[in-house]
Amino acid sequence: MIPAPVRYARASDVEQALELLAEPDAKAIAAGQSLIAVMKLRLSRPSLVVDISRLELRGVEIRDDELHLGPLTTWDELLEAPDLRRPALAAIAECASEIGDLQVRNRGTVGGSLAHADPASDMPAVLLALGATLQLRSPQGQRIVPLGNFLLGPFTTALVAQELITDVVVPLPAPGSGSAYVSVEHPASGFALAGAAALVEPTKRTVAVTGVGGQPFLLAGDDPGKALEAAEIFGDRFASAEYRRALAGVVARRALERAAERAEVDQ
């Protein structure tokens with residue numbers, strides 16, 4: 001299909017991008033891997049698309065015991081980042097390697113995925129398990145939002161008008177930690193029927209799941225199976241709720257096992 005008529009502007013810096021986004025129904029676009037698709041279906045009809053792809057919001061860097069991921073960092077750049085080659089952060093590159101195909105990994109961005117908030121997207125589960133927070137910028141200033149509070153539902157986030165993600169911050173796990181991501185993909189779309197990210201630290205374990213609810217979410221307690229029994233799981237014509245619940249339990253256990261193996265290597 002063909003998108004509805006739309007105007008285009010390229011921002012040269014964050015301030016100009018926020019100024020352009022003041023127009024009603026304006027949308028930011030980086031790689032367009034998600035926005036262009038829904039525009040073609042006319043599910044989204046922005047009056048103006050603001051190209052933010054050239055803003056200086058890219059890169060992977062460790063500073064002051066925190067990992068900083070620029071929101072314009074592509075999946076391929078995550079795969080190549082030396083700072084992610086450690087057991088505690090292994091889930092990030094592991095997840096990125098499974099997203100889409102080569103073209104998507106070369107164009108798709110971390111921030112675009114988070115802002116789109118597809119309930120079956122992979123990376124939000126990994127960042128949830130790792131305890132990520134987002135730095136958001138608007139003309140009113142800056143605010144910090146935990147990722148769990150940012151994801152509100154299917155394709156719905158805490159972003160307000162004239163607001164951009166400017167940084168994704170992950171606290172570095174304690175020494176002797178390991179992380180992993182495991183998913184079972186839909187054979188046609190490549191999105192997760194069920195995916196799980198696990199972080200195993202010396203004193204606790206954290207698991208987040210995706211593809212089974214309205215948004216990726218953390219599992220409470222130490223037993224993923226029991227937590228999933230109480231969780232609200234959705235089903236569709238591809239997989240029933242009970243099938244997804246069982247599948248989520250399988251991938252959660254596998255992710256925990258792999259993360260624990262990596263934690264042992266790091267000790």
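1. Gln 162 lies in the loop between β9 (156-157) and β10 (164-171). The model is a predicted one, and in it Gln 162 has a phi near 60°, a positive value in a residue other than glycine.

2. Asp 25 sits in the loop between α1 (14-20) and β2 (26-29). Its relative accessibility is 58%, so Asp 25 counts as exposed.

3. The side chains of Arg 143 and Glu 163 form a salt bridge, with 2.7 Å from N to O.

4. The whole structure contains 10 salt bridges. One of them joins the side chains of Glu 77 and Arg 58, at 3.2 Å from N to O. Glu 77 belongs to helix α3 (residues 75-80) and Arg 58 to the loop between β3 and β4 (60-63); the pair is 19 residues apart and links distant parts of the chain. Both partners are partly exposed: Glu 77 has a relative accessible area of 29%, and Arg 58 has 43%.

5. Another salt bridge pairs Arg 258 with Glu 94, and their closest N and O atoms are 2.7 Å apart. Arg 258 is in helix α10 (residues 241-265) and Glu 94 is in helix α4 (residues 90-96), so the bridge ties together parts of the chain that are 164 residues apart in sequence. Arg 258 counts as partly exposed, with 30% relative accessibility. Glu 94 is buried, because its relative accessible area of 13% is under the 20% limit.

6. The pair in the previous point is part of something wider.

7. On the strand side, an open sheet is formed by 4 strands in the order β11-β12-β13-β14, with antiparallel pairing. The edges are β11 (178-185) and β14 (217-218); each has a single partner strand, so one side of each is left without a neighbour in the sheet. Within the sheet, strand β12 (residues 192-200) and strand β13 (residues 205-210) run antiparallel and are joined by 6 bridges. Leu 199 stands opposite Thr 206 in β13.

8. A nonpolar patch lies on the surface. Met 1, Leu 41 and Leu 43 make this patch, which covers about 390 Å². Leu 43 is in the loop between α2 (35-40) and β3 (48-51). Leu 43 counts as exposed because its relative accessibility is 67%, where the exposed class begins over 50%.

9. For the protein as a whole, the model has 10 helices and 14 strands. What span does the C-alpha trace have along its principal axes? It spans about 50 × 45 × 35 Å. A compact globule with 267 residues would have a radius of gyration near 18 Å, and the protein has 18 Å, so the value agrees.

10. Burial and contacts complete the picture. Of the 267 residues, 50% are buried. Among contacts between residues at least 6 apart in sequence, 60% join residues at least 24 apart. The accessible surface comes to about 12,800 Å², and carbon and sulfur atoms account for 51% of it.

Terms used:
Residues numbered from 1 in each chain as written. Predicted model: local features only at pLDDT ≥ 70, side-chain atom pairs only at ≥ 80, totals over all residues. Heavy atoms only, no water. Patch = residues over 30% accessible without salt bridge, like charges linked within 9 Å, V, L, I, M, F, W, Y side chains within 5 Å. Areas by Shrake-Rupley, 256 points an atom, 1.4 Å probe, with all protein chains shown as cover. Salt bridge = Lys/Arg side-chain N within 4 Å of Asp/Glu carboxyl O. Helix = DSSP H or I, 4+ residues; strand = E, 2+ residues; numbered from the N terminus. Buried < 20%, exposed > 50% of the residue type's maximum accessible area, 1.4 Å probe, protein only. Rg over C-alpha atoms; globule rule 2.2 N^0.38 Å. Contact = heavy atoms within 4.5 Å. Pairing = 2+ DSSP bridges.
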